[in-house]
Amino acid sequence: MIAAPSETTRRGRLSLKNGVALACTFSSCLPLSQQQRWYVARTLPQRELQAAKQLANQDFRAFVPRYWKNRRHARRVETISAPLFPRYIFVILDRSRDRWRSINGTLGVERLLMQGGEPQPVPHGVVESLVDCADAEGNIDFHYQLREGQTLRVIAGPFADLVGQLERLDDKGRVRVLLKLMGGTVRVTLAQTLVAPY
């Protein structure tokens, strides 16, 4: 999730939805100005989104890359969106202009990663490539070049870890897979984001 100013806000205030900073359009996040860089902030356990919201309230843009994973709870398996890097978020800073020390005192943030008493920037292109792969909610879409007849593994959802053969792709981002299940095959239709080459 990328916290950023919305078009309808005034004086740089940030738009929030259900307590979570709305994702900005990629064009408003990139490219960064010459003075701006991405930095890493370590958060308190399970406080990545809270930290991003609090940074948004201070007019900082933050990015919390997420991915889909399975969680087992009360004998059920559910697919949830979880941080790709637990306890870490990315923040855009212009060190010559921004009061970056306030980030260390932000609710949910433990500290900025430092080197020699200064925030350590992320190498160019690392966060930008993650942003390019993310959807509007900040979930990373790991695109795979899939082809019919290919062997796939389901990576999330109720069929997680099952292996099957790709029968058909459609233009709506869905795949039809013949899964090997209980000694036979079962035909299921899944979102393309839930499968990966095996």
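Which residue takes a positive phi just after α2, and of about how many degrees?

A: That's aspartate 59, with a positive phi of about 70 degrees. Before going on, a word on the ground rules: this is a predicted model, where local features need pLDDT of at least 70, side-chain atom pairs count only at pLDDT 80 or more, and totals for chains, interfaces and linings use all residues. Residues are numbered from 1 along each chain as its sequence is written, and side-chain values use heavy atoms, with hydrogens and water left out.

Together with Ile89, Val91, Leu93, Ile103 and Leu112, Leu55 touches the most other members of the largest nonpolar core, which has 15 residues. (Such a core is a set of buried Ala, Val, Leu, Ile, Met, Phe, Trp, Tyr and Cys residues joined through side-chain atoms within 4.5 Å.) At least two core residues come from each of α2 (48–57), β4 (36–43), β8 (88–94) and β9 (109–112). Apart from this core lies another, of 12 residues, including Val40, Phe63, Phe90 and Ile140.

Val91 is a handy next stop. Leaving aside residues up to four places away in sequence, Val91 touches Arg37, Trp38, Tyr39, Ala41, Leu55, Phe60, Arg61, Ala62 and Ile103, where contact means heavy atoms within 4.5 Å.

Then there's β8: six of its seven residues are buried, so the strand is largely enclosed by the rest of the structure. Seven bridges join β8 to β4, and the two run antiparallel. (Strands pair if DSSP finds at least two bridges between them.) Across that pairing, tryptophan 38 stands opposite isoleucine 92. β5 (residues 62–63) also runs antiparallel to β8, joined by two bridges. Here alanine 62 has valine 91 as its bridge partner, and Ala62 is also among the residues that Val91 touches.

Terms used. Buried means under 20% relative accessible area, exposed over 50%, partly exposed in between (1.4 Å probe, protein chains only). Helices (H or I, at least four residues) and strands (E, at least two) are DSSP runs, numbered from the N terminus.
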